[in-house]
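Entries follow in the order I checked them.

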There are 2 protein chains.
Amino acid sequence: MDGKPGSVLWFMGLSGSGKTTTARFVAEQLRAQGRRVEMLDGDELRETICKGLGFSREERFENIKRMAYVAKLLSRNGIDVLVSAITPYREMREYLRGQVPGYVEIYVNCPLEECERRDVKGLYAKARRGELNHFTGISDPFEEPAHPDMTIFTASASLRQNGGAVLDWLDRKPRFMKAAP
Amino acid sequence: MDGKPGSVLWFMGLSGSGKTTTARFVAEQLRAQGRRVEMLDGDELRETICKGLGFSREERFENIKRMAYVAKLLSRNGIDVLVSAITPYREMREYLRGQVPGYVEIYVNCPLEECERRDVKGLYAKARRGELNHFTGISDPFEEPAHPDMTIFTASASLRQNGGAVLDWLDRKPRFMKAAP
């Protein structure tokens with residue numbers, strides 16, 4: 001080991017915007033480079049360390065704090081962490097920037113109409129029928145990231161293009177992404 | 001990286017038995033050997049990913065499951081994890097043995113009277129006064145580990161002796177503790 005901390009690539013955006021898909025693509029490329037990589041998926045963590053948390057503003061924030069805690073445990077041990085989580089509020093991102101060393105804010109930008117058209121999990125339809133409260137974009141706000149480190153556009157660019165853009169960005173930021181020994 | 005998973009050394013025993021102290025000692029030695037090591041302390045995690053969980057049988061189990069989840073994330077990335085948590089019930093240990101690769105069960109054995117005499121955090125006194133419910137050893141059971149991988153006795157042996165015993169044990173179990181590159 002060389003003791004270098006990993007980065008924490010935090011993919012944020014609406015449900016169905018392509019956060020996890022993009023993160024998974026980037027993770028595979030980084031692994032192929034021999035890096036140690038771990039993914040933290042918001043949906044998965046809600047079944048484990050965030051079980052029981054709801055979708056109020058406070059509980060959403062607690063959810064993000066727990067993900068941040070685990071991301072830090074991993075990254076301080078030299079693992080690159082790719083997080084996918086809606087992360088809808090500005091205060092969350094301020095928290096992350098202040099608390100998580102190696103934090104990289106990646107805004108996965110996709111218009112609501114397109115996310116709703118895809119509706120991979122059928123959640124938008126449920127939310128429109130009023131069966132889901134506090135659903136981001138419909139009945140709960142998504143505050144646009146004001147100063148993301150990078151923005152990718154999943155409605156207008158391909159997965160390969162977006163993944164490539166993230167990898168290019170990381171190559172230009174060697175302080176985050178020093179090659180593992 | 002060589003892709004070898006880390007071990008998960010799970011120190012269990014009564015409050016005040018010396019779990020965290022022993023784990024910290026062993027962690028320092030392992031770090032001095034150049035290994036990547038992380039500690040997960042039950043008390044600390046109750047302030048973060050286990051926040052809000054109480055001390056009922058079910059909530060204690062959930063607490064252990066969350067610690068196991070994080071331990072796995074770390075160990076599968078080659079990090080040795082040292083957990084200190086009371087882990088009072090047999091079913092928890094069965095769960096851990098089944099779910100956590102590289103799990104090593106270390107029973108930190110110290111008589112209740114001695115733990116209560118030490119009472120570092122003043123919790124036993126509180127429990128005796130009836131101010132704490134579900135307190136392990138007083139008002140909640142500690143089911144003796146039936147088949148621990150090793151037992152250390154903190155009332156009769158020194159920290160250095162016990163830490164040495166753990167390190168010796170690990171040296172004899174190379175499948176758990178292959179040296180890092």
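**Entry 1. A helix pair within chain A.** I looked at the crossing first. α1(A) passes α7(A) in a right-handed crossing. This is a predicted model, so I keep that in mind throughout. I noted the limits of the two helices: α1 covers residues 19–32 of chain A, and α7 covers residues 159–171 of chain A.

I then listed who meets whom. From α1(A) I found Thr21(A), Thr22(A), Phe25(A), Val26(A) and Gln29(A). Facing them in α7(A) are Leu159(A), Asn162(A), Gly163(A), Val166(A) and Leu167(A). By class, I wrote down five nonpolar and five polar residues for this contact, with no charged ones.

**Entry 2. Chain B against chain A.** How many residues of chain B are in contact with chain A? I got 15 residues of chain B, in contact with 15 residues of chain A. Which helix gives the most to the side of chain B that touches chain A? I found helix α3 of chain B, residues 57–75, with five residues. That side of chain B divides into eight nonpolar, four polar and three charged residues.

**Entry 3. How the copies are related.** I laid chain B on chain A. A turn of 180 degrees and a shift of 0.0 Å along the axis do it, with an RMSD of 0.0 Å. The two copies are thus related as by a two-fold rotation axis. I checked whether the contact surface is shared. The same surface serves both copies, and 100% of the contact residues of chain B recur in chain A. I also asked which residue of chain B comes closest to the rotation axis. Ile49(B) does, with its C-alpha at 2.9 Å.

Entry 4. Last, I turned to α3(A), residues 57–75 of chain A, and its packing with α3(B). The angle is about 30 degrees, and the axes are 10 Å apart. That makes α3(A) roughly parallel to α3(B). Here too I noted a right-handed crossing, as α3(A) passes α3(B). Val70(A), Leu73(A) and Leu74(A) make the contact from α3(A), and Val70(B), Leu73(B) and Leu74(B) make it from α3(B). I sorted this contact by class: six nonpolar, no polar and no charged residues.

Definitions and conventions: Residues numbered from 1 in each chain as written. Chains lettered and ligands numbered in written order. Predicted model: local features only at pLDDT ≥ 70, side-chain atom pairs only at ≥ 80, totals over all residues. Axes fitted to C-alpha atoms, helices over the stretch in contact; angles between N-to-C directions. Helix = DSSP H or I, 4+ residues; strand = E, 2+ residues; numbered from the N terminus. Left-handed = near helix turned anticlockwise from the far one by under 90°. Contact = placed C-beta atoms within 7 Å. Nonpolar A, V, L, I, M, F, W, Y, C, P; charged D, E, K, R; others polar. Least-squares fit on C-alpha atoms with pLDDT ≥ 70 in both. Parallel < 35°, antiparallel > 145°, perpendicular 65-115°, else oblique.
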